[in-house]
Amino acid sequence: MRKLINLFLLNLLFLLFVGCSEEGIMFESLDSNDDVSLKNARVKHYVPFKGTFEVYVDKVIPYPPPPPKIQEVLGIGNVTHLGKTEVFIEQKWWPPHPPPLIPPWTGTGIGEIVFTAANGDILLAYYEDAVSFHESYTDVYVTLTGHFKNGGTGRFENAEGSFIWEVIFYPLTNEGTVTLTGEIKYGK
């Protein structure tokens, strides 16, 4: 009987050792060490994707009326699985034409987002349903639902998933803060 118990315990230890390999351990934080924790792992299921950014409108490309208005937005922040991340957005906005003299008013938009991770890997996304709400001339709220698309690099080459991007933007300074929440799967 003692031999059976020892054999059972030995098998249990073996299974625990095999089950706790590097591929099975995942850490989630906004720390820049995220890309190190997932470097050797191949994610086969959706995991949380979240972060915060400080963004600013870098360029407004002149476009004759009626809209859309084309903008380039740059930012930097921390994102799970990417670490310290740079973001580039090219977007088209359709504000009301002509805009009302007094807010509130809303606009809609589409665009593409390029996330560049701390190690240089690129994650690509797009959105088609952004909505901005201009409560006053000093505050603009933007919400969009984005989706990851093929064409990234490194571990994000075949990324899948979606996210919600919420922005409070201050037109007087051309700056804003983004909160990002969603899920991602990569490593097909």
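Among contacts in the protein between residues at least 6 apart in sequence, what percentage join residues at least 24 apart? The figure is 53%, with a contact meaning heavy atoms within 4.5 Å. The structure is a predicted model, where local features need pLDDT of at least 70 and side-chain atom pairs count only at pLDDT 80 or more, while totals for chains, interfaces and linings use all residues. Residues are numbered from 1 along each chain as its sequence is written, and side-chain values use heavy atoms, with hydrogens and water left out.

Now for the layout. The protein has 2 helices and 8 strands, and from the N terminus on they run α-α-β-β-β-β-β-β-β-β. Helices (H or I, at least four residues) and strands (E, at least two) are DSSP runs, numbered from the N terminus.

The 8 strands make a closed barrel, β1-β2-β3-β4-β5-β6-β7-β8, with antiparallel pairing; two strands pair if DSSP finds at least two bridges between them. Take β4 (residues 105–116) and β5 (residues 122–134): these antiparallel strands are joined by 11 bridges. Thr-116 sits opposite Ile-122 in β5.

On to the inside. Buried residues (under 20% relative accessible area, 1.4 Å probe, protein chains only) make up 35% of the 188 residues. A nonpolar core is a set of buried Ala, Val, Leu, Ile, Met, Phe, Trp, Tyr and Cys residues joined through side-chain atoms within 4.5 Å. The largest one has 32 residues, and Phe-115 and Trp-165 have the most contacts inside it. Strands β1 to β8 each supply at least two residues of this core, and β1 gives the most, with 5 residues.

Methods:
Buried means under 20% relative accessible area, exposed over 50%, partly exposed in between (1.4 Å probe, protein chains only).
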